[in-house]
Amino acid sequence: SDGNNAATFRTTSSGKIFHIVSQNSGTIEIDSPSTAFTGSISTVVASGGADFLNINFSGNETFSFGARSGVGVDDYIDIGLSGGVRVMSWHEDGKVGIGTTAPDAKLSVTSAGTASEDILYLKSGADSADEYLGLAFETGVGGNGPHGAIRVYNGPSGSDSHMALLTTTDGGTLTKGLTIDHVSNATFAG
């Protein structure tokens, strides 16, 4: 005890300072409004995968962090919510899944919903005419990029916007190729 009715473990050893071995599955619970850890905490997870950290908000919701063994050599870590729903996963091949534990690309956002919905929402504080919010693309040819972009521009008036597809021939200045104005008229450059 440290004099405040708290259990205290102290050591000057550079090895393990506290080691619990159990032949049965079980939990170690730390019930404290503010618990701070310094250093590192290591957890050994069975080869099939399991949760290594669970956070329970007074019976409302449980968040879990797990290490999983995926298909082949695809091991990954993930975050789950109550009921076992895995909401996000990070894979050893660099892929990230939101709404999926089997991402198809470097970033895979998946919805299980059957109704129409936006699954990616980009928002910017750009508020002057000709400022934009966009996605830029760079490939391995044509110099340093970006080599293409999809942008939504403010204007022509303060409450309008227009969308454009842009390309370049040298990784330099992007040029609008297709523009859809604020009343859905399409124009092609060139």
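These questions and answers concern a predicted model.

Me: Which strands stand at the edges of the open sheet?
Reply: Five strands form this sheet in the order 7-8-9-10-11, with antiparallel pairing.

Me: What is the average twist from one strand to the next?
Reply: The sheet in question is the open one with the order 7-8-9-10-11. From one strand to the next, its twist averages 20°.

Me: Which elements give two or more residues to the largest nonpolar core?
Reply: That core has five residues: A149, Y153, A164, L166 and L174. One of them, A149, touches A164, L166 and L174, among others. The elements that give two or more residues are strand 8 (148–154) and strand 9 (161–167).

Me: Is G66 buried or exposed?
Reply: G66 lies in strand 2 (residues 62–69). Leaving aside residues up to four places away in sequence, G66 touches A50, D51, F52, Y76, I77, D78 and R86. Its relative accessible area is 0%, and the cut-off for buried is under 20%. G66 is therefore buried.

Me: How far apart in space are G66 and S89, C-alpha to C-alpha?
Reply: In sequence, G66 and S89 are 23 residues apart. In space, their C-alpha to C-alpha distance is 9.2 Å.

Note on methods: Residues are numbered from 1 along each chain as its sequence is written. This is a predicted model: local features need pLDDT of at least 70, side-chain atom pairs count only at pLDDT 80 or more; totals for chains, interfaces and linings use all residues. Side-chain values use heavy atoms; hydrogens and water are left out. A nonpolar core is a set of buried Ala, Val, Leu, Ile, Met, Phe, Trp, Tyr and Cys residues joined through side-chain atoms within 4.5 Å. Buried means under 20% relative accessible area, exposed over 50%, partly exposed in between (1.4 Å probe, protein chains only). Helices (H or I, at least four residues) and strands (E, at least two) are DSSP runs, numbered from the N terminus. Contact means heavy atoms within 4.5 Å. Two strands pair if DSSP finds at least two bridges between them. Axes are lines fitted to C-alpha atoms, for helices over the stretch in contact, and angles run from 0 to 180 degrees between N-to-C directions.
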